[in-house]
Amino acid sequence: KDKVVVVLEQRVYIYQFADLKLLDALETISNPKGLCALAPQETTILICPDKEKGKMRIKNYETGNEIITKCHESNLSHIALNLDGTLVATSSDKGTLIRIWETGQGTMIKELRRGADKAEIFSIAFDKTNQWLATTSDKGTVHIFSLTVKGSKQAQNSSPKAVENSDDSKAKNPRSMFSFMKKLGVSYFDSEWSFAQFRIPDSKAICAFG
């Protein structure tokens with residue numbers, strides 16, 4: 001990688017690694033957690049909070065494309081990019097929902113429900129094939145969500161389309177029996193719940209895929 005990112009409470013600085021030349025400076029809302037994500041592979045995509053509550057900024061330094069998306073009604077609490085920078089997961093300080101976004105257009109692809117009670121999200125992680133997403137919180141549970149069609153061509157390519165086509169997967173996330181009420185304007189029941197979960201000793205646990 002050829003860039004260095006420095007995150008302050010209300011500003012993000014991007015520097016050229018070779019000579020530490022300042023390339024960009026982005027203003028954010030108060031960001032005491034230092035929320036920021038940078039794609040670890042070739043494409044330089046940076047995600048950080050925007051200047052307004054609940055909004056994120058997606059900036060692609062290869063194409064110059066910049067998108068600002070309203071993710072949540074309350075402040076962002078966590079941002080996680082997948083390996084190739086095509087997907088980003090966000091949560092708010094309520095900690096009940098995790099939303100999956102496509103970074104090219106800033107479009108929401110999935111809404112995943114961790115639970116109904118408020119929680120502090122400690123970590124969110126994609127696996128390297130975009131088939132699974134894991135999250136931990138102060139509730140002492142690890143939640144695993146299914147994202148893609150297992151063994152599909154889309155999953156092998158690790159593309160956002162794999163997430164969109166996940167309804168064909170054998171490993172489906174459960175939905176509420178009242179999900180039909182989305183048509184009546186009740187979105188609570190339309191979220192997908194975790195495919196699997198397990199409890200861990202009470203601690204600030206962080207999850208990752210090998």
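Strand S2 (residues 11-16) pairs with S3 in the antiparallel sense, over 5 bridges. Strands here are DSSP runs of E, at least two residues long, numbered from the N terminus. Two strands count as paired if DSSP finds at least two bridges between them. This is a predicted model: local features need pLDDT of at least 70, side-chain atom pairs count only at pLDDT 80 or more, and totals for chains, interfaces and linings use all residues. Residues are numbered from 1 along each chain as its sequence is written, and side-chain values use heavy atoms, with hydrogens and water left out.

**The sheet**
- The order S1-S2-S3 describes an open sheet of 3 strands with antiparallel pairing.
- Strand S1 (3-7) and strand S3 (22-27) stand at the edges; each has a single partner strand, so one side of each lacks a neighbour in the sheet.
- Tyrosine 15 has leucine 22 in S3 as its bridge partner.
- Strands of a sheet pair through backbone hydrogen bonds.

**Aromatic pairs**
- The model holds 2 aromatic pairs, meaning rings of Phe, Tyr and Trp (its six-membered ring) with centres within 6.5 Å.
- Planes under 30 degrees apart count as stacked, over 60 as edge-to-face, and the rest as tilted.
- The ring centres of tryptophan 132 and phenylalanine 195 lie 5.4 Å apart with planes at 45°, so this pair is tilted.
- Tryptophan 132 sits in strand S13 (residues 132-137), while phenylalanine 195 is in the loop between strand S15 (192-193) and strand S16 (196-199), 63 residues apart.

**Exposure of the two partners**
- Tryptophan 132 is buried, at 18% relative accessible area.
- Phenylalanine 195 is partly exposed, at 40% relative accessibility.
- Buried means under 20% relative accessible area, exposed over 50%, and partly exposed in between (1.4 Å probe, protein chains only).

Conventions. Helices (H or I, at least four residues) and strands (E, at least two) are DSSP runs, numbered from the N terminus.
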